[in-house]
Amino acid sequence: MSETVFSNFDTVKFEGPTSDKALVYQYYDADRVVLGKPLKEHLRFSVAYWHSLVMNGTDPFGGPTIDRPWMKAGDPIALAKLKADAAFELFRVLDLPFYCFHDMDMAPTGECLAENLRNLHTMAEYMAEKMQIYSTQLLWGTANLFSHPRFMAGASTNPDPEVFAWSAATVKNCMDVTKQLGGSNYVLWGGREGYETLLNTNMHQELEQMGRFLSLVVEYKHKIGFDGQILIEPKPKEPTSHQYDFDTATVYAFLKRFGLEGEVRVNLEANHATLAGHSFEHEIATAGALGILGSLDINRGDALLGWDTDQFPNDLWTMTMAMYHMIKAGGLGKGGCNFDAKVRRQSFDPEDVIHAHVGGADLCARAFLTAAKLIDEGKYDAILIERYAGWKTGSAVDVLAGKLSLEKIEEMALENKINPQPKSGKQEQIENLLARAIYSEKI
Ligand code: XUL
Ligand code: CO
């Protein structure tokens with residue numbers, strides 16, 4: 001193994017909130033038991049290969065600013081191995097349990113489909129060797145079906161069936177590799193599954209293609225005995241002007257349409273939620289209510305820019321609400337919290353990416369601990385229980401159980417001379433209660 005840009009950093013340790021060292025965890029105490037299991041098992045943090053090892057600071061107005069030794073000219077497989085060496089050293093430094101990749105992040109692009117797949121399997125073997133030496137596991141794998149020009153009009157939704165076939169072959173192999181590496185999930189983010197203009201788009205045709213593709217993926221998952229989850233990652237737009245997997249509610253309707261709601265869940269990303277005009281917790285609560293919460297991509301946008309900036313999270317209130325709804329939805333199960341976040345263009349020192357993850361993990365851990373404490377103490381939940389208490393008694397129970405018709409409800413309403421009175425929604429009281437918990441010194 002070669003010396004890497006991360007080799008000289010010590011592994012980041014938990015030292016608690018009183019430590020004044022920068023590269024230590026103050027709140028992410030991986031083994032601390034909360035709500036019946038260690039923090040690391042609730043949060044299942046993951047490092048994103050694409051942002052931390054591939055992204056090189058390029059933006060629409062300028063070229064690379066981050067020096068990536070594996071992006072120089074040379075033998076593509078040797079360079080990909082150099083990148084993997086650095087990746088696993090970064091995982092060691094951060095001491096977070098998982099990583100995620102796209103095929104293209106870890107394996108070089110070939111001249112044709114066959115070479116692409118060969119490279120993927122060669123690199124999967126190398127990743128498997130690394131995983132024998134290091135303790136990092138695979139949270140999920142995915143295929144990049146959006147960067148190459150062949151995908152400019154979509155992957156499974158492309159008007160050209162050959163692009164569908166290329167995508168199908170790629171996803172099949174990516175699923176094989178994800179299974180081989182013990183991945184807990186397989187993710188589909190349809191970056192170009194949508195349209196730039198409806199003027200040249202047959203939406204019905206494209207949705208049928210996308211439904212067929214997903215059905216094939218689910219069928220293949222069962223065929224190979226992959227016991228991970230299949231996840232769709234909603235995003236409303238960017239790079240398309242409209243993406244079909246707009247948000248959780250839209251994805252659910254699509255899953256219902258193709259009878260896949262019991263097979264596929266969602267991987268929710270904070271910055272995608274805000275692009276859709278939602279909060280992150282709205283998306284988590286929606287997935288919880290529909291029973292399809294799978295995993296989380298942790299990041300944040302910039303309200304002043306309004307696009308998918310994929311920054312590391314830093315807002316404790318927002319993250320606490322996200323964690324609260326995640327716990328209420330039953331937790332993440334096989335999912336995890338993947339840092340789909342990148343350092344800024346000027347942050348080109350290897351140390352910057354370490355600071356970024358330390359801050360992100362600490363913020364999420366603190367938010368989780370606060371949310372767990374809120375639930376444990378029960379004051380907040382009591383307000384909600386009291387608000388809906390009427391539905392637990394008398395004829396309201398029969399209404400929800402579908403035992404009463406519209407006419408019967410009318411008859412009873414008249415007979416009982418009902419006269420409902422407005423009740424306070426207690427918003428400010430709740431906000432104060434949450435503020436005290438979130439900004440409390442004691443966690
Ligand atoms: C793009 C995005 C992707 C997916 C995986 O906005 O979030 O990185 O998470 O393809
Ligand atoms: Co993402």
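**Ligand 1 and the spaces in the protein**

Tutor: The residues around ligand 1, that is, those with a heavy atom within 4 Å of it, are Trp-50, His-102, Trp-140, Trp-189, Glu-233, Lys-235, Glu-269, His-272, Asp-297, Asp-308 and Asp-340. This is a predicted model, in which local features need pLDDT of at least 70 and side-chain atom pairs count only at pLDDT 80 or more, while totals for chains, interfaces and linings use all residues. Residues are numbered from 1 along each chain as its sequence is written, chains are lettered from A and ligands numbered from 1 in the order in which they are written, and side-chain values use heavy atoms, without hydrogens and water.

Student: How many of the residues in the shell around ligand 1 are nonpolar, polar and charged?

Tutor: The shell has three nonpolar, two polar and six charged residues. Here Ala, Val, Leu, Ile, Met, Phe, Trp, Tyr, Cys and Pro count as nonpolar, Asp, Glu, Lys and Arg as charged, and the others, Gly among them, as polar.

Student: How far is an oxygen atom of ligand 1 from the side chain of Glu-269?

Tutor: The distance is 2.7 Å, taken to an N or O atom in the side chain of Glu-269. For the side chain of Asp-340 the corresponding distance is 2.8 Å, and for that of Lys-235 it is 3.0 Å. Taken alone, ligand 1 exposes 290 Å², and the protein buries 94% of that; these areas come from the Shrake-Rupley method with a 1.4 Å probe.

Student: New topic: how many cavities of 30 Å³ or more are there?

Tutor: There are two. On a 1 Å grid over the protein atoms alone, a cavity is a set of points where a 1.4 Å probe fits but cannot get out, and lining residues have an atom within 4 Å of a point. A volume is the space filled by probe spheres set on the points, which are joined across faces, edges and corners.

Student: What is the volume of the largest cavity?

Tutor: The largest cavity has about 220 Å³. Its lining comprises 21 residues, and those closest to its centre are Leu-188, Trp-189, Gly-190, Glu-193 and Phe-213. By class, the lining has 14 nonpolar, four polar and three charged residues.

Student: And which residues line the second largest cavity?

Tutor: Pro-234, Phe-246, Asp-247, Leu-268, Glu-269, His-272, Ala-273, Ala-276 and Glu-283 do. The volume of this second largest cavity is about 40 Å³.

Definitions and conventions. A polar contact is a pair of N or O atoms within 3.5 Å; within protein, one must be able to donate a hydrogen and the other to accept it, and residues adjacent in sequence count only if both atoms are side-chain atoms. On a 1 Å grid over the protein atoms alone, a cavity is a set of points where a 1.4 Å probe fits but cannot get out, and a pocket is an open set with protein on both sides within 12 Å along at least five of seven lines; lining residues have an atom within 4 Å of a point.
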